[in-house]
Amino acid sequence: MLIIVCYDVSTETRAGRRRLRRVAKVCESTGQRVQKSVFECQVTLAEFEQLERRLLAEVDLAQDCLRLYRLPSTRGAEVREYGQFKAVDFEGPLVF
């Protein structure tokens, strides 16, 4: 399934800046960055649940915001992409 991870981590303190780096590292280990705080990840249900647990362990829910959008079927889903960045097609060939 395709999931979209969006987060907003408070960076007003040193601890907040550390949380931001840790959240980004967790996301980078699973998916691709499509905007500064937005990642696309192609995962199984088990990987999704593990990613969710890892992210919840990093954020401070009193100060930060975390959103996980689960798109169970990519058939019929449409992403319109504009600008310089071109995302990797998870369903496409591995060799370019």
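This is a predicted model: local features need pLDDT of at least 70, side-chain atom pairs count only at pLDDT 80 or more; totals for chains, interfaces and linings use all residues.
User: Let's begin with the strands. Which strands does strand 1 join, and how many bridges are there to strand 4?

Analyst: Look for strands that pair through bridges. Strand 1 spans residues 2–8. Seven bridges connect it to strand 4, residues 65–71, and the two run antiparallel. Strand 1 is also joined to strand 3, residues 38–42, by five bridges, again in an antiparallel arrangement.

User: Which residue stands opposite leucine 2, and what is the bridge partner of cysteine 6 in strand 3?

Analyst: Leucine 2 faces leucine 71 of strand 4. On the strand 3 side, cysteine 6 has valine 38 as its bridge partner.

User: Is strand 1 mostly covered or uncovered?

Analyst: Mostly covered: of its seven residues, six are buried.

User: Now the charges. How many salt bridges does the count come to?

Analyst: Here is the general idea first: side chains of opposite charge can pair when their charged atoms come close. In this model the count comes to three salt bridges. One of them is between arginine 19 and aspartate 64, whose closest N and O atoms are 2.7 Å apart. This pair links distant parts of the chain, with arginine 19 in helix 1 and aspartate 64 in the loop between helix 2 and strand 4, 45 residues apart.

User: Are arginine 19 and aspartate 64 buried or exposed?

Analyst: Both arginine 19 and aspartate 64 are buried.

User: Where do arginine 22 and glutamate 58 lie?

Analyst: These two side chains form a salt bridge as well, at 2.5 Å from N to O. Arginine 22 belongs to helix 1 and glutamate 58 to helix 2, so the pair ties together parts 36 residues apart in sequence. Arginine 22 has 37% relative accessibility, so it counts as partly exposed.

User: What does arginine 33 meet in a salt bridge?

Analyst: Its partner is glutamate 28, at 2.8 Å from N to O. Arginine 33 is partly exposed, because its relative accessibility is 32%. Glutamate 28, with a relative accessible area of 44%, is partly exposed too.

User: Which residues form the positive surface patch?

Analyst: The patch is made of Arg14, Arg17, Arg18, Arg21 and Lys25. Take arginine 14 as an example: it is found in helix 1, residues 14–28.

User: Why does arginine 14 count as exposed?

Analyst: The cut-off for exposed is over 50% relative accessible area. Arginine 14 has 61%, so it is exposed.

Notes:
Residues are numbered from 1 along each chain as its sequence is written. Side-chain values use heavy atoms; hydrogens and water are left out. Patches are made of residues with over 30% relative accessible area and no salt bridge: like charges are joined within 9 Å, nonpolar side chains (Val, Leu, Ile, Met, Phe, Trp, Tyr) within 5 Å. Accessible areas come from the Shrake-Rupley method with a 1.4 Å probe; for residues, only the protein chains shown count as cover. A salt bridge is a side-chain nitrogen of Lys or Arg within 4 Å of a carboxyl oxygen of Asp or Glu. Lys and Arg count as positive and Asp and Glu as negative; His and the chain ends are not counted. The place of a charge is taken as NZ of Lys, CZ of Arg, CG of Asp or CD of Glu. Helices (H or I, at least four residues) and strands (E, at least two) are DSSP runs, numbered from the N terminus. Buried means under 20% relative accessible area, exposed over 50%, partly exposed in between (1.4 Å probe, protein chains only). Two strands pair if DSSP finds at least two bridges between them.
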